[in-house]
Amino acid sequence: MVSQDHLLRQIDAAIDFNKVYEFVEDLYCKDNGRPSIDPVVLFKIVLIQHIYGIRSLHRTLEEIGMNMAHR
């Protein structure tokens, strides 16, 4: 449903988002407390927010819910 040359597909192909796990590894506890939101998902949300110039996190989450390319 999303074209192969879409900007977000190009970004996903160019960036190894698994590196985010290495950067935040010591900030998350694996055996204590509630499960957290995946740090890669959080990073991608903020990335989308900045790329598209969305000013609020609430509006960004609405956009992600409505736009298939963001998922």
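A quick note on terms before the points: contact here means heavy atoms within 4.5 Å.

1. **Ile45 and the ground rules.** Leaving out residues up to four places away in sequence, Ile45 touches Leu57, Thr60, Leu61 and Ile64. Keep in mind that this is a predicted model, where local features need pLDDT of at least 70, side-chain atom pairs count only at pLDDT 80 or more, and totals for chains, interfaces and linings use all residues. Residues are numbered from 1 along each chain as its sequence is written, and side-chain values use heavy atoms, with hydrogens and water left out.

2. **The core.** Ile45 also belongs to the largest nonpolar core, which has 8 residues: Leu8, Ile11, Phe17, Val20, Val40, Ile45, Ile48 and Ile64. At least two residues of this core come from each of α1 (7-14) and α3 (39-51). With 3 residues, α3 gives the largest share. A nonpolar core is a set of buried Ala, Val, Leu, Ile, Met, Phe, Trp, Tyr and Cys residues joined through side-chain atoms within 4.5 Å. Buried means under 20% relative accessible area, exposed over 50%, and partly exposed in between (1.4 Å probe, protein chains only). Helices are DSSP runs (H or I, at least four residues), numbered from the N terminus.

3. **How α3 and α4 cross.** Two packed helices are described by the angle between their axes and the distance between the axes. For α3 and α4, the axes come within 10 Å and cross at roughly 100°. The two helices are therefore roughly perpendicular to each other, a label that covers 65 to 115 degrees (under 35 is roughly parallel, over 145 roughly antiparallel, the rest oblique). Axes are lines fitted to C-alpha atoms, for helices over the stretch in contact, and angles run from 0 to 180 degrees between N-to-C directions.

4. **Who meets whom.** On the α3 side we have Ile45, Ile48 and Gln49, and they meet Leu57, Thr60, Leu61 and Ile64 in α4. By class, that contact has 5 nonpolar, 2 polar and no charged residues. Here Ala, Val, Leu, Ile, Met, Phe, Trp, Tyr, Cys and Pro count as nonpolar, Asp, Glu, Lys and Arg as charged, and the others, Gly among them, as polar.

5. **Thr60.** This one sits in helix α4 (residues 57-66). Why does Thr60 count as buried? Because its relative accessibility is 0%. Beyond four places in sequence, Thr60 touches Ile45, Ile48, Gln49 and Ile54. A polar atom of the Thr60 side chain lies 2.8 Å from the backbone oxygen of Ser56.

6. **Gln49.** Over in helix α3, Gln49 counts as buried because its relative accessibility is 14%. Not counting residues up to four places away in sequence, Gln49 touches Ile54, Arg55, Ser56, Leu57 and Thr60. Gln49 and Leu61 are 12 residues apart in sequence, with 8.9 Å between them, C-alpha to C-alpha.

7. **Leu57.** Also part of the α3 and α4 contact, Leu57 lies in helix α4. Leu57 counts as partly exposed, since its relative accessibility is 44%. With residues up to four places away in sequence set aside, Leu57 touches Ile45 and Gln49. The C-alpha distance from Leu57 to Ile45 is 8.3 Å, across 12 residues in sequence.

8. **Two exposed residues.** Glu22, in helix α2 (residues 19-24), is exposed, with a relative accessible area of 51%. Its C-alpha atom is separated from that of Arg55 by 28 Å, and the pair are 33 residues apart along the chain. Arg71, in the segment after α4, is exposed with a relative accessible area of 62%. Leaving aside neighbours within four places in sequence, Arg71 is in contact with Ile64, Gly65 and Met66. Arg71 and Ile51 are 20 residues apart in sequence and 15 Å apart in space, C-alpha to C-alpha.

Terms used: Polar contact = N/O pair within 3.5 Å; in protein donor to acceptor, adjacent residues only side chain to side chain.
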